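Here is a short report on one structure. Look it over first, then read on.

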Amino acid sequence: MNLLMVMLFAPLIAGFLAWLLDFKVIREVIGIIGASIPIGVLAYYYSTVTSESITYSLTVGGFTLGFHLTMLTWYFAVIASIVGIAMAFGMASTSKSSYDWLFALISFTGVLGVFLSSDFVGFFLFWELMTFGSFMMVLKRNRHESLKYFVLSIIGAYSMLVAIGIIYAKTGALDFNTVQKALRLDAMVGSISRGETALIYTLFLITFGVKAGAVPLHVWAPGAYSENDQSYTAFFSGALSKAGVYGFVLLYILMGAKLYTALGVFNNHLVFAYILAWIGAITVVVASFLAVLQEDIRKLFAYSSVGQVGYILLGLGIGTGLGFAGALFHVLSHAIFKSLFWLVTAAIILRTGKTRFEDLGGLAEKMPITFTMGLIAVLSLAGIPPMAGFASKWLLYEAAISAHMPLVAGAIFLGSGLAFAYVVRFLYAVWFGQRPSDLDDVKEAPLPLLIGMVILAIPNLVFGIAPGLVTGYFNRLFGDTIVGGNYFRLVTPTGTYNALLVTVILIFGLSIAGLIYIYGAKTRKIPVINTYQSGNPVTEEYNLSMRKNFYRPLAEALGFWLKYSWDRFYERLANLTEDFADWLREGFYNGNAQSYSWYLTIVLLILALWGVL
Amino acid sequence: MNVQYASLLIAIPLITAFFVPLMKGLGEKAIKTYVLIITAIQAGIATWVFEEVYTTGKPIIVMAGGWRPPVGIDLYIGPFAALFVLIVALVSFLMAVFNFRAVKVEPIDKYAMLFLLLMLGATGMIATGDIFNLFVFMEITAITAYALTAYNKTGEAAEASLKYMVLGGIGSSFFLIGVALIYGATGTLNMAQIAQLAGNINPTVAQVALALVIFGLAVEAELFPLNAWAPDAYQAAPHPVTAMFSAFVVKAGIYALARILYLMSAVGTWKNILHLLIAMATLTVIVAEFSALRQRNVKRMIAYSSVSQVGLIGLAFALGTQAGVDAGVFQMINHAIIKVLLFLGVGYVAVQLGGAEIENFRGLGKRMPLTALGVTVGSMSAVGIPLFNIFWSKLRIILATVDAGYAWAAALVLGASVVEAVYYFRLVHAIWFTGEGERLRESAPLVAIMLLLIAIIVAIGIYPNYAWSLSQKAGNDIFNVAQYIKNVPLMGVGA
């Protein structure tokens, strides 16, 4: 048995066994073992993959399913596997259901398969598998949200299927290598028309856009992320949404040349990439605004997740080597910090049973380790050095500026500001401030969940202090020095960032502050009031606090825009479809034998009109 | 063993069906056991024929009365027929088991006779090599199907049966006119010889004849808009019969349609017929899927789903390419399996809980977990989830459709499949995540059947190679008309 296949199917088989042998502890142990195998195999392959790619193929039902482990796919697979283990540890604490294990691990295999497939049939198969697994996780908890997710996903998947069909009809191939060669050739020959190329591009845009949660296809994300086991959401938002990102990367690899010649250039930017960059920018801004306005932790992180994936799309859309490096780095950092957030959320919900900011507060003393983990995630997301989130965002800024995309860069800045606004709220409202009396006997998160968090926190720190580890890998991946420097120092054409120096200075500064705090500060007793009030009394009818309606003024300012909602638009569309379905059924299958006979006559008439009878 | 024994496939059900009235006095159990034994024997013979055809790779040509075609009527049991005769026999056998639970209405002896004749009719339609003989078997199938639809003796059943009869009657009369035109133009009723001579027929006559034959068969094959009878009939018929309708009666119709279509592929205006069929098949899928969306009765919902899936098969056959036909055959196999599972599960629930309304399915996961599992696996497979069998055939059909240049048809069909996913997953949600209830005892034989079908579904889903190679051989049997002509030992007449 090939090791690559072992790694691919280990989670699936483990999930199935866990479902079958539904005993406490055994179930969890099997699940964790199954989820750990992929990272082990990937680690084993590290040295091989940097020199040559590993391939394997299976013949299934007349199709040849190819798998390849290249530097690019290794990178994505590693990210998914790290998040996958963390999910498994988290689920050992939060989920007591064999159903959850089965479908969570099915989607794990699905994600790995998407990354490893080297042909469209396997890609589509695992894409569907991953969607199906994650859908079943939501279906159990909320039918409406799950169907919203599934319908959008399946529309995406079927768009992809049509696009694959068109590519197959044009090139006669389904494996990536041949398709890539054929399309590159076609970029010069031009036998696939501009319209068809645009059609294929749009279809893929829908597919990957849905998975990545790009506006306006993001509406499934808040519901699906929050109506779920939060440990699984760590994987869902951290790894599964990256499949959409990977799809866009794949689109570049397979069709880049063709898209360039067919769709041309606008203002020195590739048109197809420019579209992607703007989709990313809009996603960042819209989702970040919506995240700020949420009152529920899960919804907040759901929108935040959508917004952060927007950064990645934006980076890919910039289309330069630096843009790619930034985007790929952000794939890693988003996966590790957002999954960490979700595990922290899982711990909060597990221990308090509450999800809204107004019901929480002052948990830092009760759950100190979880709080530390949450703090690391906050720093990383807000882009504060020396965390991984800073390094990747910094690369994205550099890329946008050096590619002369000021408006897009503006979106990044705005998004960062908003991200700061919402994480501050999370930090304060959950961990500090007054603790509601019913949370007095909250305990620290259970051990497996903590292990899961630590697994995610370590890379946040390591890749934050030594971002050169990641960019060095990219340099080898691209076969070119995109980002210079060493392990600790990043050098781009426009700037330099020395993570180690920043870390040292930061630690130095914090030590001084700590010394001052310990030796210099006098303890003062002050009443607990919200900082927001600045000492002024606040009237009841306009009661804002960090924990409730904190950003209401912002919501009022945005009132005009918030009137329009994609969500409501889709709901209306769904209702129209259902009404149409009724109309069609009642009109056609009306139960009247006479009208049925008329149908026969009409068909005969058509046959006659068509020139024969 | 002499391959001519394959004629037992027709002879045994026919003879035994006429012996049923003699057993009337022995009681309900005895008659049902009798049917079970007959179907088991039929399945045995079909297995032997299947083995024979697939090991030698040569079709079995049964010559009735020793007359060589085209003078005598022949049965042509090629790879397709061998495969589907086996499926017909196996499904009948499984449904004969289900009869013990599901059919309580008297007169059982009439039911048993009609049951065997329905199996006979479908077997004959698939196996025959003579176009008029095809008409005869089609009438046997249709008339037994009308009677079985009305068997439950309710008002709805009578109404459904009447509708079916009116539409089926009109369809088969036009089919007969088409056959007459073909006979007039070629002077033969043997399918191989018709294929041989098809190129020489006056194009207008050929087109009219083909159009009429297609029109007639489209009623049986449930193509839009000639399928209006189907949902009523499926809902009203006894549960085992519904499963048989969906698993092989409609398949026999669509097979006949495809067979004649490809036999006549030498006709000059053949492509036009294909366009018409593609439009009809695409509309079949769309209308049926949308109709199922808000259906409260699960049996009727699955009936609509069956109609739409058959439309998908029709689409595959209408593409006029080898890839399309192979994919269509593959979908026929898979669809037969899942619809037997679904109608068995739903029928069993209806028997146990007194109706197939969606309300009875709430909490089914707690009340009848294994039946619920069966319905769930069937639903997921129908939606086209990977690891289940339909995924592969649907993928094949879509790729073949786009490859043949009908990307619009593929897009429309897929759009309708989104609707399918919605109603099936609403059902799954109702089964597992709503409602409460005490666990009921489930019948062991039925559970065993369901588990067997689930195992087959997953096996094909994970390892489709064997089923796919069967489909390819069977598809080639339909598509490769030249080989078909060569296989039938015509006496050298005509050509």
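Helices (H or I, at least four residues) are DSSP runs, numbered from the N terminus. The expected span of a helix is 1.5 Å times one less than its number of residues.

This is a predicted model, in which local features need pLDDT of at least 70, side-chain atom pairs count only at pLDDT 80 or more, and totals for chains, interfaces and linings use all residues. Residues are numbered from 1 along each chain as its sequence is written, and chains are lettered from A in the order in which they are written.

Start with α8(B). The helix has 18 residues and reaches 26 Å from its first C-alpha to its last, close to the 26 Å expected. In α8(B), 15 of the 18 residues are buried (20 or more other C-beta atoms within 10 Å of their own, with C-beta atoms placed from the backbone). B:Glu222 follows α8(B) and has a positive phi, near 60°.

Next, the side of chain B that touches chain A. Here 43 residues of chain B are in contact with 42 residues of chain A. Contact means C-beta atoms, placed from the backbone, within 7 Å. α17(B) gives the largest share of this side of chain B, eleven residues. Ala, Val, Leu, Ile, Met, Phe, Trp, Tyr, Cys and Pro count as nonpolar, Asp, Glu, Lys and Arg as charged, and the others, Gly among them, as polar.

| Class, side of chain B that touches chain A | Residues |
|---|---|
| Nonpolar | 33 residues |
| Polar | seven residues |

Methods
Contact = placed C-beta atoms within 7 Å. Helix = DSSP H or I, 4+ residues; strand = E, 2+ residues; numbered from the N terminus. Buried ≥ 20, exposed ≤ 12 C-beta atoms within 10 Å, placed from the backbone.
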